[in-house]
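Q: I am new to this structure. Please show me how to read its features, one at a time.

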Amino acid sequence: MSPAQPTGDPAPSDGLLPASVLDGAERRSLSLYVHVPYCSVRCGYCDFNTYAAEDFGDGVNRLSYAEDAIRELDLAAGVLTRSGLPARPLSTVFFGGGTPTRLPAEDLARILRAGIERFGIVDGAEVTTEANPDSVTREDLALLKEAGFTRVSFGMQSAVPRVLAVLDRTHTPANVPKVVSWAREVGLQTSVDLISGAPGETLAEWETSVRAAIDCAPDHISAYSLIVEPGTKLAAQIRRGELSPVDDDAQADMYLLADRLFGEAGYSWYEVSNWSRSEDTRSRHNLAYWRNRDWWGIGPGAHSHINGVRWWNLKHPVPYAHRVRQGLSPAAAREHLDADTRYVEDVMLAARIREGVAIEDLRGPGREAVGWLEGQGLIEPQARAEGRVVLTLRGRLLGDAVVRTLLGD
């Protein structure tokens, strides 16, 4: 079951944005996110807006999705123009889900082309799709490359069948190195995602997965600690005693092991859960999120953000489709972030990335705490001397506590 949507203010049916979004717009980049809510199986840990159903009736199904997404792209282009925002080509595009590659590769290419036609795209833009290792062929990857995709992120999660079964992942581990190789052959950058701390996972099993990911030689690796979200199948299994609770200490050990092995293999951290071979292979799209840039989210349940105005679409594919087919905004609600909220979010997000937080941007309690944080070994002394707060390895493990200190909590 997907989580309930946040509450907010009513969103206008025409989607028009307040005049506040114009401030500094010409200096802000614009990204596009496309949410594809279809999956072959809903994983037990997942609380994203995803559906295993293929057809919801009323003309809404997996194969009608591309047309509805393109309708929202039309709406987005019109809204930004009528709201007075300057034309800005897309700097990054990301197809996520769900499993975007549940759609035919031709549909993904059509949506991308439609986005480029309506907004333009900067030279050298990053264009990524997520993919299940079992739901893509070499021919699909070649078509995506030809259409303008530059990067593919494969959901590996684990190389250990027992752990995959706990997570309800259905792909074949042996397919991961194969699809990474195919993507490389057609000229795409590659990333693989791992999840640590599944119930019962041992440190040795985690090491097997980390080494398997490194052996694939991707350009980028994400390694996330499992979070048990309320309302998921996994949460219910743990509550009933069918699976053991997630062990925070074990997850910390897994993080330390992964960071060491990634470093030895030539990967450097640039965000708490992300490592890359070089600056050129970092996820620029995710960096746009962490830097609070502007983005428009297409699809059921997708979130958008334009200069402190945030909104989110209706979650279910049927009402979403009905709205865009009428030329109306599919937004369920929106909020206008005040200065205090934006400050908190800026600090929380910037603290996670390698460039860190500028000390001069911190309010009084945060600036006063910087020396103490350095003394505790939580931030890097050299970065502090250069005017920034950057987490040490220990600081990454205790990142939430560091942020609370910087915010004066």
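A: Start with charges and rings. A charge sits over a ring if NZ of Lys or CZ of Arg is within 6 Å of the ring centre and within 35 degrees of the ring normal. Here the charged end of Arg363 lies over the ring of Tyr343, 4.1 Å from the ring centre. This is a predicted model: local features need pLDDT of at least 70, side-chain atom pairs count only at pLDDT 80 or more, and totals for chains, interfaces and linings use all residues. Residues are numbered from 1 along each chain as its sequence is written, and side-chain values use heavy atoms, with hydrogens and water left out.

Q: How many aromatic pairs does a search of the whole structure find?
A: A pair of aromatic rings is described by the distance of the centres and the angle of the planes. Rings of Phe, Tyr and Trp (its six-membered ring) pair if their centres lie within 6.5 Å; planes under 30 degrees apart count as stacked, over 60 as edge-to-face and the rest as tilted. The search finds 11 aromatic pairs. One of them, Tyr33 with Phe94, is stacked: 6.4 Å centre to centre, with 25 degrees between the planes.

Q: Which parts does the pair of Tyr33 and Phe94 tie together?
A: Helices (H or I, at least four residues) and strands (E, at least two) are DSSP runs, numbered from the N terminus. Tyr33 is in strand E1 (residues 30-36) and Phe94 in strand E4 (residues 90-97), so the pair links parts 61 residues apart in sequence.

Q: Are Tyr33 and Phe94 buried or exposed?
A: Buried means under 20% relative accessible area, exposed over 50%, partly exposed in between (1.4 Å probe, protein chains only). Tyr33 counts as buried, at 14% relative accessibility. Phe94 is buried too, at 8%.

Q: What kind of pair do Phe262 and Trp275 form?
A: Their pair is tilted: 4.9 Å centre to centre, 55 degrees between the planes. Phe262 belongs to helix H8 (residues 248-264) and Trp275 to strand E10 (residues 274-276), so parts 13 residues apart in sequence are tied together. Both Phe262 and Trp275 are buried.

Q: Which residues of H5 are buried?
A: An α-helix has 3.6 residues a turn, so residues three or four places apart point the same way. In H5, the buried residues are Asn175, Val176, Val179, Val180, Ala183 and Val186. They cover an arc of only 130 degrees around the axis, which puts them on the same side of H5. The arc is that of the directions from the helix axis to the C-beta atoms.
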